[in-house]
Amino acid sequence: MVFEDKMITNGEPEEEEEEEEEEEQDMVDPLETVREKCEQTEHCVHTRERLEACETRIGSRSETTEECTEELFDFLHARDHCVSADAQPNLWMLDVSDCWSGLDFAKMLGPVP
């Protein structure tokens with residue numbers, strides 16, 4: 001039926017969708033922010049240049065078995081190493097007791113034999 005195919009709205013659902021889209025656009029993944037910062041370091045720039053040179057070399061050939069796997073892994077390793085070093089100080093700020101405060105270990109472990 002025609003009536004079932006049409007939804008009668010007073011404009012509210014469209015506004016809610018727009019608000020959700022705006023909120024999604026405002027959210028920034030902190031990991032991506034740190035990765036972008038790390039990609040600017042000297043070591044990451046060097047490994048990225050090697051990766052891009054390899055990709056250019058491969059792209060210029062019509063037939064090749066060469067891949068840029070090693071260069072890609074080198075770049076990702078350098079970036080991830082930087083990210084982990086950047087994140088390490090923040091991990092010490094966590095209060096572990098907050099994570100475990102709601103757990104009852106006696107119930108979890110059961111009776112002691």
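**Notebook: cysteines and disulfides**

I looked up the S-S torsion of cysteine 54 and cysteine 68: at about -100 degrees, it makes this disulfide left-handed, so I recorded that handedness. I counted a disulfide as a pair of cysteine sulfur atoms within 2.5 Å; cysteine 54 and cysteine 68 are joined with S to S 2.1 Å. This pair links distant parts of the chain, 14 residues apart: cysteine 54 lies in helix H4 (residues 42–59) and cysteine 68 in the loop between H4 and H5. Helices (H or I, at least four residues) are DSSP runs, numbered from the N terminus.

I noted that the model is predicted, with local features needing pLDDT of at least 70, side-chain atom pairs counting only at pLDDT 80 or more, and totals for chains, interfaces and linings using all residues. Residues are numbered from 1 along each chain as its sequence is written, and side-chain values use heavy atoms, leaving out hydrogens and water.

I checked burial next (buried is under 20% relative accessible area, exposed over 50%, partly exposed in between; 1.4 Å probe, protein chains only). Cysteine 54 and cysteine 68 are both buried.

I found 2 disulfides in the structure. The other bond I looked up joins cysteine 38 to cysteine 82, S to S 2.2 Å. It connects distant parts of the chain, cysteine 38 in helix H3 (residues 30–38) and cysteine 82 in helix H5 (residues 69–91), 44 residues apart. Its torsion is about -75 degrees, so this disulfide is left-handed. Cysteine 38 and cysteine 82 are both buried.

In sequence order, I recorded the pairing of bonded cysteines as 1-4, 2-3.

Lastly, I examined cysteine 44. Its closest cysteine sulfur, in cysteine 82, is 5.5 Å away, too far for a bond. Cysteine 44 counts as buried because its relative accessibility is 1%.

Conventions. Helix = DSSP H or I, 4+ residues; strand = E, 2+ residues; numbered from the N terminus.
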